[in-house]
Amino acid sequence: MAKSSEPRDSSSVPRISPEMWPDILEKAKRGGLNVIQTYVFWNIHEPVEGQMRSFHCIFRGLPYWLREKPNIIFRSYNAPFKNYMKKFVTMIIDMMKENKLFASQGGPIVLAQIENEYNHVQLAYDELGLQREPKWGHLRDVHKALNLCKKPLLWGTPRTQVMGKGLEARIYEKPGTNICAAFLANNDTKFAQTVNFGGRDYLLPPRSISVLPDCTTVVYNTQTIVSQHNARNFVPSKVATNFQWKMYSEPVPTVEHVPVNNKIPLELYTLLKDTTDYGWYTTSIELDIEDVSKRPDILPVIRIASLGHAMLVYVNGEYIGGAHGSHEEKNFVFQKSVPFKAGLNHIALLGTLVGLPDSGAYMEHRFAGPRSITILGLNTGTLDVSKNGWGHQVGLNGERNKIFTEEGSQKFDWSDIKEQKSALTWYKTYFDAPEGNDPVAIRMNKMGKGQVWVNGQSIGRYWMSYLSPLRQPTQADYHIPRSFIKPKQNLLLILEEEPLTPEKVEIVLVNRDTICSYITQYHPPNVKSWERKNKQFRAVVDDVKSGAHLRCPDQKKIAAIEFASFGEPIGVCGNYEHGKCNSAAETQKLVEQYCLGKDSCSVPLDAFSNFKSECDGKTIAIQAKCSV
């Protein structure tokens, strides 16, 4: 399951919708899995202490109210935490028992894990339901290889044989029988090593393990990937296009709308209580004509020190700018010149939580929001407005009125996009269901930071302007489950926090119809070439050979061979090159004979044995395009 910061609105759903589960589970089964892990998310099922919700949603996270318990320390040997955790877990366990869901009761649950986030949350992979190769195939092959070893693993006596520095064999053997399996390991991280085991030589790539289900035959190596690769393609929809965008600017409050209720700005976590990402802070200051400069080129500066995570700044209803923290340092300082005027001036700050950093560790000790607000460069000196008296509003006007739903959007006056771009703006349009059956995504081209909804369903947060060290956004495409989409008139709502407009946003279809194989003379044959039957380990084909194996997804056929080279090709799927030595023309023709027009094909490595080649390497790289 994909993991992300928690959606909070009641319209939010898991990234993998229930309608996708049968296909996902079938792919998991074909990949050799026989156990599925899922979550019971405390923050959804007990959002308010003592008030349990029915178990019809799957999200993640600890409930906010737990954070406010005195002396609590999350995920630790801490009495308050253990007390509340015990209550919730006991309720879950009792419910599972009542419905006879544990394996000991004849049910499907074989293991229950209390906690999985003592370390940072791991990165998860883009929920589209497509098989990512070679990961899926390589894991399928290791499951097959281990299945071939199950009798030695279960019945054999284990022993370890050291074969050199960083080299060892783990052997499982039942004396007096032919039941034997071996795992040959090279722990060197840089260099391949040749080892002699059982009177035979085996080449072990660096940091790899070879699996020998009969203590003789290599059927799998962790580093030499026999399974096919694939590349992800994004194809703009021909139907879901020509958007007619409308806009609504979120109103910026003043103390007249959000009156002062505390001397200093409230801490942001405490203010929002996990009900929204957004919280307004309002105050006002009276400046004398002698306070402000009479020269237009010399302006006062507003400086705001914040504990995180992000913030937009408005003065007298005008957008001044924004700032944010980072993954490593969530604190930040906003500083910018402002044209304050003589008389009453309104200041509004929109504080935002975005989940920095990205793990649940020590959440009870984290704080966010503005802590110090000063105005520098006034004729009368620096003015500290931190204790000026502040008003607070939880959430946005659009959120409270569910602007992202069809009914809610009708409550607002929408206009055409203005030439003058404004920050914190809602944009809406409609689109028809994209053609075909491929997964659908929205590509947030030229956007900044905000959220997306389709037909009232949350698609997620985006942050295109937050760039990785490679100067690219960490994500630009967001999955729209087809179960969210109607045949016609689908409502698309975007909340954009920065002064940007959505004309470049597009709906795309996603496929993995580019399939590849990269095989060297050192790759073992496919693990499917063997079986263990009637207590015997044996080949299931007459002639076991190494080679390239390709299979199109979803009953599609190979429509074109986009790349084929034998010799020393380089690159990755979707971006191969012939290298310095190759037999490209001959290879292309041969591969087309084996593969064109078929849903799957195998090209044995020895099919190239007659090629006249002076290449040192004997590697084949193939890239094919699948189509209906």
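**Note on cysteines, sheets and ring contacts**

1. Cys-180 has a relative accessibility of 9% and therefore counts as buried, the limit for that label being under 20% relative accessible area. The model is predicted, and the points below should be read with that in mind. Cys-180 is joined by a disulfide to Cys-215, with an S to S distance of 1.9 Å. The angle about the S-S bond is -75°, and the link of Cys-180 and Cys-215 is left-handed. The two ends come from distant parts of the chain, 35 residues apart. Cys-180 belongs to strand 3 (residues 180-186), whereas Cys-215 is in the loop between strand 6 (208-212) and strand 7 (220-221). Cys-215 has a relative accessible area of 12%, so this cysteine is buried.

2. How many disulfides does the count come to? The count is 4 disulfides, among them the link of Cys-180 and Cys-215 in point 1. A disulfide is a covalent bond between the sulfur atoms of two cysteines.

3. Cys-552 and Cys-626 are joined by a disulfide with an S to S distance of 2.1 Å. This link is left-handed, with -85° about the S-S bond.

4. The sulfur atoms of Cys-595 and Cys-601 are 2.1 Å apart and form a disulfide. What is the handedness of the link of Cys-595 and Cys-601? The link is right-handed, with 85° about the S-S bond. Cys-595 counts as buried because its relative accessibility is 0%. Cys-601 has a relative accessible area of 8%, so Cys-601 is buried as well.

5. The cut-off for a disulfide is a pair of sulfur atoms within 2.5 Å. Cys-149 has a relative accessible area of 0% and is therefore buried.

6. Strand 12 (residues 301-306) pairs with strand 15 over 6 bridges in the antiparallel sense. For a position to check on screen, Arg-303 has Gln-335 of strand 15 as its bridge partner.

7. Another open sheet has 6 strands in the order 10-19-11-16-13-14, and its pairing is antiparallel. Which strands stand at its edges? They are strand 10 (260-262) and strand 14 (318-324), each of which pairs on one side only. Neighbouring strands in this sheet are turned against each other by 35° on average, with direction ignored. Within the sheet, strand 13 (residues 310-315) and strand 16 (residues 343-352) make an antiparallel pair over 6 bridges. Leu-312 has Leu-350 of strand 16 as its bridge partner.

8. The count of aromatic pairs comes to 15. One of them is Trp-463 with Tyr-466: the ring centres are 4.7 Å apart and the planes are at 40°, so the pair is tilted. Elsewhere, Tyr-248, Phe-412 and Trp-414 form one aromatic cluster.

9. Charged side chains also sit over rings. The charged end of Lys-449 is over the ring of Trp-463, at 5.2 Å from its centre. Trp-463 thus has Lys-449 over its ring and Tyr-466 as an aromatic partner. In a second case, Arg-443 lies over the face of Phe-234, 4.5 Å from the ring centre.

Technical notes:
Residues are numbered from 1 along each chain as its sequence is written. This is a predicted model: local features need pLDDT of at least 70, side-chain atom pairs count only at pLDDT 80 or more; totals for chains, interfaces and linings use all residues. Side-chain values use heavy atoms; hydrogens and water are left out. Two strands pair if DSSP finds at least two bridges between them. Helices (H or I, at least four residues) and strands (E, at least two) are DSSP runs, numbered from the N terminus. Axes are lines fitted to C-alpha atoms, for helices over the stretch in contact, and angles run from 0 to 180 degrees between N-to-C directions. Rings of Phe, Tyr and Trp (its six-membered ring) pair if their centres lie within 6.5 Å; planes under 30 degrees apart count as stacked, over 60 as edge-to-face and the rest as tilted. A charge sits over a ring if NZ of Lys or CZ of Arg is within 6 Å of the ring centre and within 35 degrees of the ring normal. Buried means under 20% relative accessible area, exposed over 50%, partly exposed in between (1.4 Å probe, protein chains only).
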